[in-house]
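Please open the structure in your viewer and keep the selection tool at hand.

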Amino acid sequence: MVERLARPAPEEVRELDAWWRANNYLTVGQIYLMANPLLREPLRPEHIKPRLLGHWGTSPGLSFIYAHASRLIRHTGQEMLYLAGPGHGGPALVAAGYLEGTYSQTYPRIGQDADGLHRLFRQFSAPGGIPSHVSVTTPGSIHEGGELGYVLVHAFGAVMDNPDLIALAVVGDGEAETGPLEGAWKGISFLNPARDGAVLPILHLNGAKISGPTVLGRKDPAEVRSLLQGHGYEVIEVEGSDLPGMHDRFAEALARAWASIRGIQAAAREGSWDGVRPHWPLIVLRTPKGWTGPDVVDGVQIQGTYRSHQVPLSGVRDNPEHLALLETWLRSYRPQELFDDDGAPTELVRRANPEGDLRMSATPHANGGLLTQDLDLPDFRAFAVDVPSPASVYLESTRKFGEMMREIYRDNPDRFRLFCPDETNSNRLGAVFEVSDRAFAERTTPYDVSLSVDGRVMEVLSEHNCHGWLEAYTLTGRHGVFASYEAFAMVSASQTIQHSKWLEEAAALPWRAPVPSLNILLTSTAWRNDHNGFSHQGPGLIQNVITSRGNVARVYLPPDANCLLSVADHCLRSRSYVNLIVIDKQPQLQYLTMDEAIEHCTRGAGVWSWAGTDDGRADPDIVLACAGDVVTMETVAAAAILREKLPHLRTRVVNVVDLMTLARRRDHPHGMDETLFKELFTDHVDVVFAFHGYPGAIHQLVHGRPDADRFRVRGFIDEGTTTTPFDMVVRNRVSRYHLVMDALNNARRTPPGASELKAWCQARLDEHADYVVEHLEDLPEVRNWTLDSRITEG
């Protein structure tokens, strides 16, 4: 039986309230003050910042919750991670870290004295300072609040395989209106209380967002209760603004929730759990928007309305009445009780803090690189494909990666997971089910396959959940892969971008330890979703990732299985990158032996001499370049046509597997140097480049290279439908026949027979158009083409 935490004694309530008042004072000071941080003199206009930025309305609720969570930690030793969904309440979390001493330890120039307070206030939401969010610069944070509803997915990802952690996730009622948050409540359907930690959601209903009421804030409480109970939660409700009553009631609610969590976990870990999904606790906290702030200003109600969302008092420098109201507001927290003569928090305030790593601003779970253990990785060479000769064997490349992940699961039962939106088998990764079921805490039936509460393969039909779970899983120190259909990766593209930004900023903070990379595998790609049609055909995530900073962004387009295995091994060993790997799941040609693949992937790009007619001693007449599996096949086929039809035309075939090698070294650390770029592409020969994604990406990457206009890029141009595989490349004008005609149009010389070959290519395209309509499949000579195939006249 788990012992319930006792009601706080009057002296403890006094400590809690003092800490909360100190936090509120620091929060208001960060928004408004650039001088006179302790009000040692009357407030004057020159003490006020010229630009008033920040968000007050949610902040007092965030700090109220924080104070009580700290009390729980002090009494129980519970490891807790605080995630602020209403992340615009950034000053409250910065203030919490300051009061706990972590902020000054992290940033020594922000000391716990009057000068440090001065710097703390000046830096907030100011040039050369810190953002207004609970951002990467905030100790104790793994969640950039205000990210459109991701707080719960981050909380659930943080506790998977993390049995001692509670992730306290504050959900703002504006945030609760977002699609990702609405979909995130179901996280409890995937937790195993014996192995995982727990998420304690606190739905903070203050009734308003930036310019009006919120849906849940205006709903009948009974409806809100029913909604959350329907998701499977035990709902605990606290409402009010009276003090000290709210301290007593919320302390009791938090104690009840913690006892419920510990009871659930104890039953599961001691063998008395019946396997039925528990009813995990959830707290609904209703407090006024802008609690303790100005009530009425200029005859207009502020507290409890949307008008307190940001800066309740504006024009303070120029409005003496507002300046006086601000001073009254600040002094209402009685700062003389909270800060000593030197400006440090008083003993009364400090007694409310936990110690050491138990301080939520100091928890190592929010600096996951400190906890990271390397993966025990199998030798990827053990899964190699036998390639007797290039482009002669077809197989499903991703199936080999699935076999590799099967062994990673087997050897890393507590620090690796695959996250996939109901597509693991579809993407040919199903070998993982030989060692792990899908995680599922709801009821199962005899007809279910590889589904149990003990499973660790994460499948839920939500890109937001899968992506967000993996983000937090890596930020707290574990490793994983997010696998998705390529087109649907755009559903969570904003998460990819936000995670990139987080890693970009973290790289500039020496106290942030490098974390395992976010590895994204995109399969079921645009070129092979011919059966699903236009809605499933979109390679746009590449475009998003290459615009991120070079110290984070990585894009790999392995052309075959051995290259995929080499790339995957590299990505799983890496730290603090967003690694985007794009390769299709359908049977595809294999080109390189394992040794060749390792060398090729290490360089990032190379000449495939076996595919072209360039002897390496002289410049070619044309360079045929490619990046991506399907377009690589078309390029190799185009080179074969040219070799057979026009053997005297010198062609060079270049394959690019690491897309970022195309950039200049000054633009990306993977960018190849000028000498290698010239070796591959020359500095004056035209390049016909067949690309997996939108053509503009290549033009962006080769900008600044010698005579960049000579790159003629063919790629996905948003031409798609339900059709055949080869018709997809024809529609987007990147088929082997289009590439041959491009090569002839742009070669340095026009050999005899060029016009006849162009006519032949057009005839083949015309035949294709008729054939697919009549036979509903591609021409035999393209359907099963290999490099050994003879080219028929047709």
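**A tour of salt bridges**

Begin by selecting arginine 731 and aspartate 727, which form a salt bridge (a side-chain nitrogen of Lys or Arg within 4 Å of a carboxyl oxygen of Asp or Glu) whose closest N and O atoms are 2.7 Å apart. The two are separated by about one helical turn, because they lie 4 residues apart in helix α23 (residues 725-731); helices (H or I, at least four residues) and strands (E, at least two) are DSSP runs, numbered from the N terminus. Aspartate 727 is buried, with a relative accessible area of 9%, whereas arginine 731 is partly exposed at 36%; buried means under 20% relative accessible area, exposed over 50%, and partly exposed in between (1.4 Å probe, protein chains only).

Before moving on, note that this is a predicted model, in which local features need pLDDT of at least 70 and side-chain atom pairs count only at pLDDT 80 or more, while totals for chains, interfaces and linings use all residues. Residues are numbered from 1 along each chain as its sequence is written, and side-chain values use heavy atoms, with hydrogens and water left out.

Next, select aspartate 161 and arginine 456, whose side chains meet in a salt bridge of 2.9 Å, N to O. This pair links distant parts of the chain, 295 residues apart: aspartate 161 sits in the loop between α6 (151-159) and β2 (165-172), and arginine 456 in the loop between β11 (451-452) and β12 (458-459). Aspartate 161 counts as buried at 9% relative accessibility, and arginine 456 is buried at 7%.
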